[in-house]
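Open the model in your viewer and have the selection tool ready. The stops below say what to select and what is there.

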Amino acid sequence: TYARDPRFNFILLPKNVGKRKAQIAAIRRSSGDLVLNIDSDTTIASDVITKLARKMRNPVIGAAMGQLTASNRRATWLTRLIDMEYWLACNAERAAQARFGAVMCCCGPCAMYRRSTLVSLLDQYETQLFRGKPSDFGEDRHLTILMLKAGFQTEYVPDAIAATVVPDRLVPYLRQQLRWARSTFRDTLLGLHLLPSLNGYLTLDVVGQNLGPLLLAVSVLTGIAQLALTGNVPWWTGLMIASMTLIRCSVAAFRARELRFFGFALHTFISVFLLL
(Lines give C-alpha, C1' and ligand atoms only; values in the text may rest on other atoms or scores of the structure.)
Protein backbone atom coordinates (compact mmCIF):
# COMPACT_ATOMS: atom_id res chain seq x y z
CA THR A 1 0.00 0.00 0.00
CA TYR A 2 2.64 2.53 1.03
CA ALA A 3 5.10 1.49 -1.67
CA ARG A 4 2.64 2.85 -4.26
CA ASP A 5 2.27 6.16 -2.40
CA PRO A 6 4.65 8.80 -3.86
CA ARG A 7 5.01 10.45 -0.42
CA PHE A 8 6.92 7.40 0.87
CA ASN A 9 10.40 6.23 -0.01
CA PHE A 10 11.52 2.81 1.20
CA ILE A 11 15.23 2.07 1.55
CA LEU A 12 16.11 -1.60 1.20
CA LEU A 13 19.62 -2.22 2.49
CA PRO A 14 21.54 -5.18 0.98
CA LYS A 15 21.88 -6.85 4.39
CA ASN A 16 20.94 -6.41 8.05
CA VAL A 17 23.41 -3.81 9.30
CA GLY A 18 21.64 -3.09 12.59
CA LYS A 19 19.33 -0.35 13.78
CA ARG A 20 21.94 2.40 14.04
CA LYS A 21 23.21 2.17 10.45
CA ALA A 22 19.66 1.78 9.15
CA GLN A 23 18.68 4.98 10.97
CA ILE A 24 21.69 6.82 9.53
CA ALA A 25 20.88 5.68 5.98
CA ALA A 26 17.33 7.01 6.32
CA ILE A 27 18.34 10.30 7.97
CA ARG A 28 20.91 11.07 5.26
CA ARG A 29 18.25 10.63 2.55
CA SER A 30 15.53 12.52 4.41
CA SER A 31 14.48 16.07 3.61
CA GLY A 32 11.97 17.22 6.24
CA ASP A 33 12.62 19.52 9.18
CA LEU A 34 11.77 16.73 11.63
CA VAL A 35 12.63 13.04 11.77
CA LEU A 36 10.37 10.57 13.58
CA ASN A 37 11.89 7.31 14.78
CA ILE A 38 9.48 4.41 15.43
CA ASP A 39 10.44 0.82 16.18
CA SER A 40 8.98 -1.89 13.94
CA ASP A 41 6.94 -3.38 16.79
CA THR A 42 5.39 -0.03 17.78
CA THR A 43 2.00 1.43 16.86
CA ILE A 44 1.44 5.15 17.33
CA ALA A 45 -1.84 6.95 17.98
CA SER A 46 -3.17 9.03 15.08
CA ASP A 47 -2.28 12.34 16.76
CA VAL A 48 1.28 11.49 17.88
CA ILE A 49 3.06 13.25 14.99
CA THR A 50 0.97 16.39 15.47
CA LYS A 51 1.63 16.54 19.22
CA LEU A 52 5.37 15.90 18.95
CA ALA A 53 5.74 18.37 16.06
CA ARG A 54 3.88 21.01 18.08
CA LYS A 55 6.42 20.61 20.89
CA MET A 56 9.28 20.87 18.38
CA ARG A 57 8.14 24.35 17.25
CA ASN A 58 10.36 25.64 20.03
CA PRO A 59 13.78 26.00 18.30
CA VAL A 60 15.71 25.14 21.49
CA ILE A 61 14.23 21.62 21.54
CA GLY A 62 16.28 19.04 19.68
CA ALA A 63 14.26 15.91 20.50
CA ALA A 64 10.95 14.89 22.04
CA MET A 65 9.53 11.50 23.01
CA GLY A 66 6.00 10.22 23.56
CA GLN A 67 4.56 8.05 26.30
CA LEU A 68 5.12 4.31 25.92
CA THR A 69 2.59 1.62 26.79
CA ALA A 70 2.68 -2.16 26.32
CA SER A 71 0.43 -3.15 23.41
CA ASN A 72 0.37 -6.75 24.70
CA ARG A 73 -0.20 -5.71 28.33
CA ARG A 74 -2.87 -8.32 28.98
CA ALA A 75 -0.83 -11.25 27.60
CA THR A 76 0.92 -12.41 30.82
CA TRP A 77 1.65 -11.32 34.38
CA LEU A 78 5.07 -10.12 33.15
CA THR A 79 3.67 -7.87 30.41
CA ARG A 80 1.37 -6.27 33.01
CA LEU A 81 4.39 -5.51 35.20
CA ILE A 82 6.35 -4.12 32.25
CA ASP A 83 3.45 -1.86 31.29
CA MET A 84 3.51 -0.41 34.82
CA GLU A 85 7.29 -0.12 34.61
CA TYR A 86 6.91 1.91 31.39
CA TRP A 87 4.33 4.17 33.03
CA LEU A 88 6.73 4.89 35.90
CA ALA A 89 9.68 5.44 33.56
CA CYS A 90 7.66 7.92 31.48
CA ASN A 91 5.43 9.68 34.00
CA ALA A 92 7.81 9.75 36.95
CA GLU A 93 11.37 9.75 35.62
CA ARG A 94 11.02 11.39 32.17
CA ALA A 95 8.29 13.78 33.29
CA ALA A 96 10.50 15.01 36.16
CA GLN A 97 13.52 15.43 33.87
CA ALA A 98 11.38 17.29 31.32
CA ARG A 99 10.68 19.96 33.95
CA PHE A 100 14.32 20.94 33.44
CA GLY A 101 14.37 20.49 29.65
CA ALA A 102 16.68 17.49 29.74
CA VAL A 103 15.07 14.08 29.31
CA MET A 104 18.15 11.86 29.55
CA CYS A 105 16.87 9.19 27.14
CA CYS A 106 14.32 9.80 24.39
CA CYS A 107 13.17 6.20 23.98
CA GLY A 108 13.67 4.50 20.62
CA PRO A 109 10.09 3.25 20.04
CA CYS A 110 8.78 6.81 19.54
CA ALA A 111 11.02 9.87 19.38
CA MET A 112 11.15 12.93 17.13
CA TYR A 113 14.38 14.78 16.30
CA ARG A 114 15.35 18.05 14.63
CA ARG A 115 16.89 16.93 11.34
CA SER A 116 19.41 19.76 10.96
CA THR A 117 20.97 18.84 14.31
CA LEU A 118 20.79 15.11 13.63
CA VAL A 119 22.77 15.46 10.41
CA SER A 120 25.54 17.35 12.23
CA LEU A 121 25.76 14.57 14.84
CA LEU A 122 25.70 11.53 12.54
CA ASP A 123 29.47 11.07 12.35
CA GLN A 124 29.75 10.96 16.16
CA TYR A 125 26.70 8.69 16.33
CA GLU A 126 28.02 6.27 13.72
CA THR A 127 31.55 5.97 15.07
CA GLN A 128 30.72 5.34 18.75
CA LEU A 129 32.90 2.57 20.19
CA PHE A 130 32.43 0.36 23.22
CA ARG A 131 35.49 -1.55 24.44
CA GLY A 132 37.18 -0.89 21.12
CA LYS A 133 34.32 -2.19 18.96
CA PRO A 134 31.50 -0.34 17.13
CA SER A 135 28.56 0.00 19.52
CA ASP A 136 25.48 -2.09 18.72
CA PHE A 137 23.22 -1.09 21.63
CA GLY A 138 21.85 1.95 23.43
CA GLU A 139 21.19 4.00 20.28
CA ASP A 140 18.40 6.10 21.78
CA ARG A 141 20.26 7.07 24.95
CA HIS A 142 23.46 7.96 23.09
CA LEU A 143 21.60 10.06 20.54
CA THR A 144 19.87 11.92 23.37
CA ILE A 145 23.19 12.61 25.10
CA LEU A 146 24.61 13.95 21.81
CA MET A 147 21.60 16.28 21.49
CA LEU A 148 22.15 17.61 25.01
CA LYS A 149 25.89 18.05 24.37
CA ALA A 150 25.00 20.07 21.27
CA GLY A 151 23.12 22.52 23.51
CA PHE A 152 19.55 21.47 22.75
CA GLN A 153 16.76 20.57 25.16
CA THR A 154 15.01 17.21 25.11
CA GLU A 155 11.34 16.88 26.03
CA TYR A 156 8.60 14.42 27.01
CA VAL A 157 5.04 14.68 25.63
CA PRO A 158 2.78 12.55 27.87
CA ASP A 159 -0.31 12.64 25.63
CA ALA A 160 1.56 11.36 22.55
CA ILE A 161 0.85 7.66 23.07
CA ALA A 162 2.84 4.86 21.43
CA ALA A 163 2.12 1.18 22.11
CA THR A 164 5.01 -1.24 21.77
CA VAL A 165 5.34 -5.02 22.08
CA VAL A 166 7.16 -6.03 25.28
CA PRO A 167 8.73 -9.40 26.22
CA ASP A 168 6.17 -11.88 27.54
CA ARG A 169 8.73 -14.32 28.94
CA LEU A 170 11.26 -13.79 31.69
CA VAL A 171 14.53 -14.73 29.93
CA PRO A 172 14.06 -12.35 26.94
CA TYR A 173 13.04 -9.64 29.39
CA LEU A 174 16.18 -10.12 31.48
CA ARG A 175 18.34 -10.00 28.33
CA GLN A 176 16.65 -6.76 27.29
CA GLN A 177 17.15 -5.22 30.73
CA LEU A 178 20.83 -6.22 30.78
CA ARG A 179 21.33 -4.55 27.40
CA TRP A 180 19.60 -1.39 28.61
CA ALA A 181 21.58 -1.38 31.84
CA ARG A 182 24.87 -1.51 29.92
CA SER A 183 23.71 1.46 27.87
CA THR A 184 22.63 3.41 30.97
CA PHE A 185 25.92 2.97 32.81
CA ARG A 186 28.07 3.62 29.74
CA ASP A 187 26.29 6.74 28.50
CA THR A 188 25.89 8.15 32.00
CA LEU A 189 29.68 8.16 32.28
CA LEU A 190 29.90 9.90 28.89
CA GLY A 191 27.39 12.53 29.98
CA LEU A 192 28.56 13.15 33.55
CA HIS A 193 30.31 16.40 32.66
CA LEU A 194 27.02 17.70 31.24
CA LEU A 195 25.05 17.35 34.47
CA PRO A 196 26.31 20.39 36.43
CA SER A 197 25.39 22.67 33.53
CA LEU A 198 21.90 21.20 33.27
CA ASN A 199 20.46 21.27 36.78
CA GLY A 200 21.20 20.19 40.35
CA TYR A 201 18.13 17.95 40.42
CA LEU A 202 19.21 16.18 37.24
CA THR A 203 22.64 15.54 38.73
CA LEU A 204 21.03 14.00 41.82
CA ASP A 205 18.55 12.04 39.68
CA VAL A 206 21.08 10.54 37.27
CA VAL A 207 23.70 9.76 39.92
CA GLY A 208 20.99 8.23 42.10
CA GLN A 209 19.72 6.07 39.23
CA ASN A 210 23.18 4.59 38.81
CA LEU A 211 24.31 4.35 42.43
CA GLY A 212 20.94 3.24 43.81
CA PRO A 213 20.91 -0.25 42.25
CA LEU A 214 24.55 -0.80 43.25
CA LEU A 215 23.86 0.16 46.87
CA LEU A 216 20.77 -2.03 46.88
CA ALA A 217 22.83 -4.95 45.58
CA VAL A 218 25.37 -4.41 48.38
CA SER A 219 22.54 -4.32 50.93
CA VAL A 220 21.05 -7.57 49.65
CA LEU A 221 24.43 -9.33 49.59
CA THR A 222 25.18 -8.09 53.12
CA GLY A 223 21.82 -9.38 54.30
CA ILE A 224 22.41 -12.79 52.72
CA ALA A 225 25.89 -12.94 54.29
CA GLN A 226 24.43 -12.06 57.70
CA LEU A 227 21.88 -14.86 57.39
CA ALA A 228 24.50 -17.37 56.21
CA LEU A 229 27.20 -16.52 58.76
CA THR A 230 25.18 -15.74 61.89
CA GLY A 231 21.81 -17.36 61.30
CA ASN A 232 20.13 -14.01 62.08
CA VAL A 233 17.43 -12.84 59.68
CA PRO A 234 18.31 -9.35 58.29
CA TRP A 235 14.98 -7.83 59.27
CA TRP A 236 16.11 -4.23 58.81
CA THR A 237 17.27 -4.85 55.24
CA GLY A 238 14.01 -6.57 54.33
CA LEU A 239 11.93 -3.89 56.05
CA MET A 240 13.76 -1.07 54.27
CA ILE A 241 13.36 -2.67 50.82
CA ALA A 242 9.67 -3.39 51.53
CA SER A 243 9.12 0.22 52.67
CA MET A 244 10.79 1.65 49.54
CA THR A 245 8.63 -0.64 47.38
CA LEU A 246 5.42 0.34 49.17
CA ILE A 247 6.16 4.07 48.90
CA ARG A 248 6.95 3.82 45.19
CA CYS A 249 3.82 1.78 44.42
CA SER A 250 1.61 4.05 46.54
CA VAL A 251 2.81 7.20 44.79
CA ALA A 252 2.26 5.58 41.37
CA ALA A 253 -1.21 4.33 42.32
CA PHE A 254 -2.15 7.79 43.62
CA ARG A 255 -0.86 9.68 40.58
CA ALA A 256 -2.30 7.24 38.02
CA ARG A 257 -5.51 6.75 40.06
CA GLU A 258 -5.15 3.00 39.46
CA LEU A 259 -4.91 0.37 42.20
CA ARG A 260 -3.10 -2.02 39.83
CA PHE A 261 0.16 -0.25 40.64
CA PHE A 262 0.23 -1.93 44.06
CA GLY A 263 0.83 -5.12 42.07
CA PHE A 264 4.08 -3.60 40.82
CA ALA A 265 5.54 -4.67 44.17
CA LEU A 266 6.12 -8.07 42.50
CA HIS A 267 8.71 -6.39 40.28
CA THR A 268 10.92 -5.87 43.35
CA PHE A 269 11.60 -9.62 43.51
CA ILE A 270 12.65 -9.65 39.83
CA SER A 271 14.79 -6.56 40.42
CA VAL A 272 16.52 -7.79 43.56
CA PHE A 273 17.03 -11.48 42.83
CA LEU A 274 17.43 -11.54 39.04
CA LEU A 275 18.40 -8.14 37.61
CA LEU A 276 20.75 -6.95 40.36
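Begin with helix 5, residues 139–149, where 10 of the 11 residues are buried, leaving the helix mostly covered. Keep in mind that this is a predicted model. The buried residues of helix 5 are Glu139, Asp140, Arg141, His142, Leu143, Thr144, Ile145, Leu146, Met147 and Leu148.

Move on to leucine 170, which lies in helix 6 (residues 170–191). Now show the contacts of leucine 170 beyond its neighbours within four places in sequence: they are Trp77, Leu78, Ile270 and Leu274. Of these, leucine 274 is 104 residues away along the chain, and its C-alpha atom is 9.9 Å from that of leucine 170.

For the last stop, select helix 3 (residues 77–98) together with helix 8 (residues 200–230). Two packed helices are described by the angle between their axes and the distance between those axes. Here the angle is about 150° and the axes are 10 Å apart. Angles over 145 degrees count as roughly antiparallel, and therefore helix 3 and helix 8 are roughly antiparallel to each other. Helix 3 passes helix 8 in a left-handed crossing. To see where they meet, select Glu93, Ala96 and Gln97 in helix 3, then Tyr201, Leu202, Asp205 and Gln209 in helix 8. By class, this contact has three nonpolar, two polar and two charged residues.

Definitions and conventions. Residues are numbered from 1 along each chain as its sequence is written. This is a predicted model: local features need pLDDT of at least 70, side-chain atom pairs count only at pLDDT 80 or more; totals for chains, interfaces and linings use all residues. Side-chain values use heavy atoms; hydrogens and water are left out. Axes are lines fitted to C-alpha atoms, for helices over the stretch in contact, and angles run from 0 to 180 degrees between N-to-C directions. Helices (H or I, at least four residues) and strands (E, at least two) are DSSP runs, numbered from the N terminus. Angles under 35 degrees count as roughly parallel, over 145 as roughly antiparallel, 65 to 115 as roughly perpendicular and the rest as oblique. A crossing is left-handed if the near helix is turned anticlockwise from the far one by less than a right angle, and right-handed if clockwise. Contact means heavy atoms within 4.5 Å. Ala, Val, Leu, Ile, Met, Phe, Trp, Tyr, Cys and Pro count as nonpolar, Asp, Glu, Lys and Arg as charged, and the others, Gly among them, as polar. Buried means under 20% relative accessible area, exposed over 50%, partly exposed in between (1.4 Å probe, protein chains only).
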